[in-house]
Amino acid sequence: MTTAAPTRASVGLRSDRGPILGSVMLSIALIAIDATILATAVPAIVRDLGGFTQFPWLFSAYLLTQAISTPIYGKLADTFGRKPLMLFGIGTFVIGSVLCAVSWSMGALIAFRALQGLGAGAIQPAGMTIMGDIYSVAERAVAQGYIASVWAMSAVVGPTLGGLFSDHLSWRWIFWINLPLGLLAAAVLWVRFDEQPAPHRRRPIDWWGALLVAGTSALLLLGLLEGGIRWSWWSWQSAVAFGGAAALALLFVRVETRVDDPVLPGWLFKHRVLNAATVGGFVAGVVMLGVTSYVPVYAQQVLGAGATVAGFAVAALAIGWPFAASTSGRIYLRWGFRACLFLGAFFGAAGATILALVGPGSSIWLLAAACLVLGLGLGYVVSPSIVALQSAVEFRQRGVATGANMFARSVGSAVGVAMFGAIANGVVADRLGGADAAGSVKLDQLPVDVLDPALQAVFLAVAGCALLLVIGALLMPSRVGTTRESQVATAE
């Protein structure tokens, strides 16, 4: 492991590899913004297409298809190469965007959003794997800072753009804008990224394993996303979703033990570095959902701030995360990955604690400070974890390892939706005297004396989840890529 300290001039957008980095950043920005840009455009879409009761599926369909396809695409990136898969993902996403722009009904728009999700599922693992291929361990810290800034800023830029397009142009421009940007990203990648062929013989694709992992993931995420919303947690629908997921998971394990090249190899679940990165990614997905979903509501409905100020409070997360990601290399190159993850766990716990202490009389600056410190914590955990896992496996295994980590973060987000929603709804129901009374009132329309304890309960849960980052730090070895454990794990 080199100790050289790369600079933004040698790694960034002006370097020789800058066009490739820019192409990956633009591609990831498209899928990151598209996950949030519809939030402020929903009223305009419903006015145009109708289907008010169906609109939540605009988000669920995108998340479902993206999440279930990510681990499969990760494996395909190792089989067919990163560049073909990235171009396929961009092409699928752009086609889905064009179809969304010309949608004639809510059902059609939901279906085309699902197609967008299939494209996004390829872009995310392929793009992150390309970063691992073209940059050294020392350089990845700076490169990950760029990627982290894309994700963080998209959480703020997405809803703003959605509102601007809906108010001044048309909601359909939300999707039309993806056409030139996607084509630009694909063109740059096609011209500038000269990928070396994988140094191994291509093997038959594990289609049964791919179908089973997709089915298991779909049922699990469907149960988590819709449970407690469209149906009760104790309903037959939940039993079918979770029971079906468990049955398919058992069948998946049985099938994967009998194929030569499984879509999710068994060594993924035995590798210490990958397990540590998985824990970090999962917890990050949970915590991010709690912050981005409930902090703006608290800022506006409890603290009385305007929408713009509330957005700036969440934007503090977008400052802390990329800063930590870009400076983490100095820490793990000198003191090791475990020390970096412990630092992230400390900041994560500190930020979540500040968030849990926020009350009706608090300043909006305290809420922003909590988001800033939480962003630092996630930046010192997520980005170094990806660098570590990509350094701990061989080139031909980097795609599947990266895809598995991306999938863990998606599952974390779905778990966060279910858990925090159940907590908030439980407190509201208790305050209003029952679930029937609470069901007719929207969360952001509740009086302060009901909304405040509900959201504070969510923030306490966020703090508890943030403490789990310590587990990832404990699992992570100090050095990766040169230990005997890593060599054995990657040889299986």
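## Helices first

Helices here are DSSP runs of H or I with at least four residues, numbered from the N terminus. Gln124 is found in one such run, helix H6, which covers residues 106–134. The model is predicted.

The protein chain has 20 helices.

## The chain as a whole

The protein chain holds 492 residues, and 56% of them count as buried.

## The nonpolar cores

The largest nonpolar core has 89 residues. Which of its members touch the most others? They are Ile130, Met131 and Leu355. Helix H12, residues 272–302, gives this core its largest share, with 13 residues.

Met131 has contacts beyond its sequence neighbours. With residues within four places set aside, Met131 is in contact with Leu21, Val24, Arg140, Ala143 and Ile147. There is also a second, separate core of 27 residues. Among its members are Leu274, Leu341, Val387 and Ala388.

## Aromatic rings

The structure holds eight aromatic pairs. One of them joins Tyr294 and Phe420. Their ring centres lie 6.5 Å apart, with 80° between the planes. Planes over 60 degrees apart count as edge-to-face, so this pair falls in that class.

Where do the two residues sit? Tyr294 is in helix H12, and Phe420 is in helix H16, residues 398–432. The pair links distant parts of the chain, as 126 residues separate the two.

Elsewhere, ring pairs link Phe346, Phe347 and Tyr380 into a cluster. The charged end of Lys83 sits over the ring of Trp190, 5.3 Å from the ring's centre.

## Cysteines

How many disulfides does the structure have? The count comes to zero. A disulfide needs a pair of cysteine sulfur atoms within 2.5 Å.

Cys100 has 0% relative accessibility, so Cys100 counts as buried. Cys371 has a relative accessible area of 1%, so Cys371 is buried as well.

Return to Gln124 in helix H6. Gln124 counts as buried because its relative accessibility is 6%. Which residues does Gln124 touch? Leaving out residues up to four places away in sequence, they are Ile31, Gln66, Trp151 and Met406.

Asp16 lies in a loop, between helix H1 (8–11) and helix H2 (18–34). Asp16 is exposed, because its relative accessible area of 71% is over the 50% limit. What separates Asp16 from Arg192? Along the chain they are 176 residues apart, while their C-alpha atoms are separated by 9.6 Å.

Conventions: Residues are numbered from 1 along each chain as its sequence is written. This is a predicted model: local features need pLDDT of at least 70, side-chain atom pairs count only at pLDDT 80 or more; totals for chains, interfaces and linings use all residues. Side-chain values use heavy atoms; hydrogens and water are left out. Buried means under 20% relative accessible area, exposed over 50%, partly exposed in between (1.4 Å probe, protein chains only). A nonpolar core is a set of buried Ala, Val, Leu, Ile, Met, Phe, Trp, Tyr and Cys residues joined through side-chain atoms within 4.5 Å. Contact means heavy atoms within 4.5 Å. Rings of Phe, Tyr and Trp (its six-membered ring) pair if their centres lie within 6.5 Å; planes under 30 degrees apart count as stacked, over 60 as edge-to-face and the rest as tilted. A charge sits over a ring if NZ of Lys or CZ of Arg is within 6 Å of the ring centre and within 35 degrees of the ring normal.
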